[in-house]
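Please look over the model shown here.

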Amino acid sequence: MLWAQAGRKDDLVVRGARVLDGAAGLDAVLDVRVDGGTVSQLGRDVPANGHRVIDGEGLLLAPAFVDPHVHLRSPGREDEETIASGTEAAAAGGYCVILAMPNTEPPVDSAAVLGALAEAARAEARIPVGFLAAISKGQGGSELTEMVELAESGAAGFSDDGRPVVSPGLLRRALQYGSITGLRLALHCEEPTLSGDGQVHEGAISAELGFAGYPSVAESVMVQRDLALAAYEGQPLHLLHLSARESVEALRAARERGIAATAEVTPHHLCRTDETVRTLDANVKMNPPLRSADDRAALIEALREGTIGAVATDHAPHARHEKEVPFEAAPFGVTGLETAFGALYTHLVQPGLLRLETLLERMSAGPARAYGLDPPRIAAGAPANLVLIDLSERWRVEEAGFRSRSANSWLLGEELQGRVRLTVADGRVAFQA
Amino acid sequence: MTPELRVMRGDLRVPGGSPPGGGRRHLLSVADLSADDVERLLATAASFGRSLEREVKKLPTLRGRTVVNLFFESSTRTSSSFELAAKRLSADTMTIRAAGSAVDKGESLKDTALTLGAYDPDVIVIRHPQIGAPQLVAGCTEAHIVNAGDGKHQHPTQALLDLYAIREELGRLEGLHVAVVGDVLHSRVARSLVQALALVGASVTLVGPPALIPRGIEAMGCEVAYDIEAIGAADVVYVLRMQRERMLEGAAYVPSLREYSARWGVTPERLRPGQRVMHPGPMNRGVEIDPRVADASHALIGLQVRAGLVVRMAVLYDLLTSGPVGVPAAAAVGVA
């Protein structure tokens, strides 16, 4: 289930934008009219009927984005993010739906915590937000949560994200029992005795800088194990934030054998390699770590061909003082909601590594499908979930510009091209630049 | 009245130009140095070495300058030699250790740096258990920063003093072969030394058990061998300390110290005549180095300690001769 503030749906006309919705076979300069939050008409010279008119000339109009992996830090760390600030940041990034991870303080492992979050979201969420619930109580990895009650209370899926489900026995039980909820298990794949106290990708750069290495095999052995269990139980699963070539290869092989596995990849893993950690900047520290150029190439290829169907920001806000410390003392995680499209357009589409249509699909319909949500689309009769983008605008990522309460972006100081100008989420204008 | 001893300006080589970006100069990593930088620092150290042979050892060079030593990790050699180096150059020095400071009260590194930075020190020498701490301090003070060891990352003055000691002992650096033996994984000394030796044209072989030689380190331009026999071909055998305090509980890099000593301990039997043995200290006698080897190589280890003093004098001098931003170089040097 998704929750947001109640309010009036909007009436508007976006005039003269290039309307691009690959699934609908749509790529034309059109006017799009929204009546009461629903797309009512696409065409040329659509009458405004007194609606607010937005000039879309020279801009791109696409189905708005879905982020399946956000840390809203509520409850517990409202100094870092709240449902209000996180959904506002998401709207500014072009998102119409986000899913929040349950590794909060306390974690979302009971219907009571989930119910409180749903109530808070109804009061303050600027765009619809869903909440995943924990797989294990306290995310402790030993006892299953009451998955059926959580599902009935509206959980969007289940995950112990932030840490792996270490016990294969427990994961098997979650696949078995969770199957009756019809909700997806989303797995953080990390073998803890292999990742150890690893700080950055294990390779020539960790060797030279002296950081404890976090090898790619720490991820891929768990990917292989999780896929084997999913195959044995005949259940689907979703793999979070893949970072390594070996993980992609295991996933591709499993999908070819008919296992219903989906996966996501982050903008930072698609745009950067472990060369970036030479800066020793804690704002490029995240789990999994940035990996080699070869891993990055495998991730881009997997996203292009659809083996990985979703881009997920893994938006992980951290307080400034917790990141202004030496690299090893800093927590893992970077923000991403407000920069995802610009980063991927600049680093993948412009250099010709990914087609624009593919990027838009992987940021919208792809993640929606992974969790069984309705993909946003631009068609008469569909709820208006729209993003209007200026592909030519160049802008600098700066600490002062964020709607998020945190600014631990891996892109600080960088210039990006492509910026969101307007977001319509579930029929309401959620952001306008 | 004691006649003031002077180092002639011609003996001291002044660095050319500003660093890229035009900011303050720091010594954070050997990776930031060129072969010319190393040569200049060693030459300056040698001229200070000659001055220290005189009866009165103090030079007026850095009179009026302030050097703060900030040590978050235990140290005998490095902290004492930085302090003495600053004093020999007539700088005011102050040493702050984490134990007994506001760090005990939970003060962050940034706040400690801002506090000390408010005294306008010319140089902050920092040792810290975490990688990148000196960079962080460089970003929040106006001082020149010298990295005196940051976690497993870098210890550039150690590498420079090792080059100095090897050249004193063997008369050259280029073309030498150095075997670095032991716990490379946890060693900032090894990382700095590999880079420094590459700059002066020496070759390096890292020798040790597989889990203690970091995967991918060959990319730094060194050879790797797991068999202790590989030290046979080296001119210098550089023995590293087993850094038990940096090892994760239960990480099992080697099955036991006993097995480590048996396989990789540097013993008289494994050395050939004429090979020089070095160790950055402190030593674990009987673990990585046989006590007989430790005693036999004492002279060279003493040379390393003396080299530490003059090299650190050279580093302080070098950083301050280009002057803080806005002050002409000539005004910053108290050399006749």
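Predicted model: local features only at pLDDT ≥ 70, side-chain atom pairs only at ≥ 80, totals over all residues.

Residues are numbered from 1 along each chain as its sequence is written, while chains are lettered from A and ligands numbered from 1 in the order in which they are written.

**Domains of chain B**

Chain B splits into domain 1 (24–154 + 306–332) and domain 2 (156–304); the bounds come from an automatic or database domain assignment. Their centres, taken over C-alpha atoms, lie 26 Å apart. Across the boundary, 26 residues of domain 1 of chain B contact 24 residues of domain 2 of chain B. Contact means C-beta atoms, placed from the backbone, within 7 Å. On the domain 1 side, helix 1 (35–51), strand 4 (144–150) and helix 9 (298–321) of chain B each supply at least two residues. Helix 9 of chain B gives the most, with six residues. Helices (H or I, at least four residues) and strands (E, at least two) are DSSP runs, numbered from the N terminus.

**A:Glu328**

A:Glu328 sits in the loop between helix 11 (320–323) and helix 12 (340–349) of chain A. Why is A:Glu328 buried? A:Glu328 counts as buried because 23 other C-beta atoms lie within 10 Å. The cut-off for buried is 20 or more other C-beta atoms within 10 Å, with C-beta atoms placed from the backbone. Leaving aside neighbours within four places in sequence, A:Glu328 contacts A:Gln199, B:Gln130, B:Ile131 and B:Gly151. The C-alpha atom of A:Asp274, 54 residues away along the chain, is 15 Å from that of A:Glu328.

**Strand pairing in chain A**

Strands pair if DSSP finds at least two bridges between them.

| Strand pair in chain A | Sense | Bridges |
|---|---|---|
| Strand 5 (residues 60–63) and strand 16 (residues 386–396) | antiparallel | four bridges |
| Strand 16 and strand 17 (residues 415–425) | antiparallel | eight bridges |

A:Ala62 stands opposite A:Val387 in strand 16 of chain A. A:Leu386 has A:Val424 in strand 17 of chain A as its bridge partner.

**Helix 2 of chain B**

Helix 2 (residues 77–88) of chain B has 12 residues. Its buried residues are B:Thr78, B:Ser81, B:Phe82, B:Ala85, B:Ala86 and B:Arg88. Just after helix 2 of chain B, B:Ser90 takes a positive phi of about 70 degrees.

Technical notes. Contact = placed C-beta atoms within 7 Å. Buried ≥ 20, exposed ≤ 12 C-beta atoms within 10 Å, placed from the backbone. Expected span 1.5 Å × (residues − 1).
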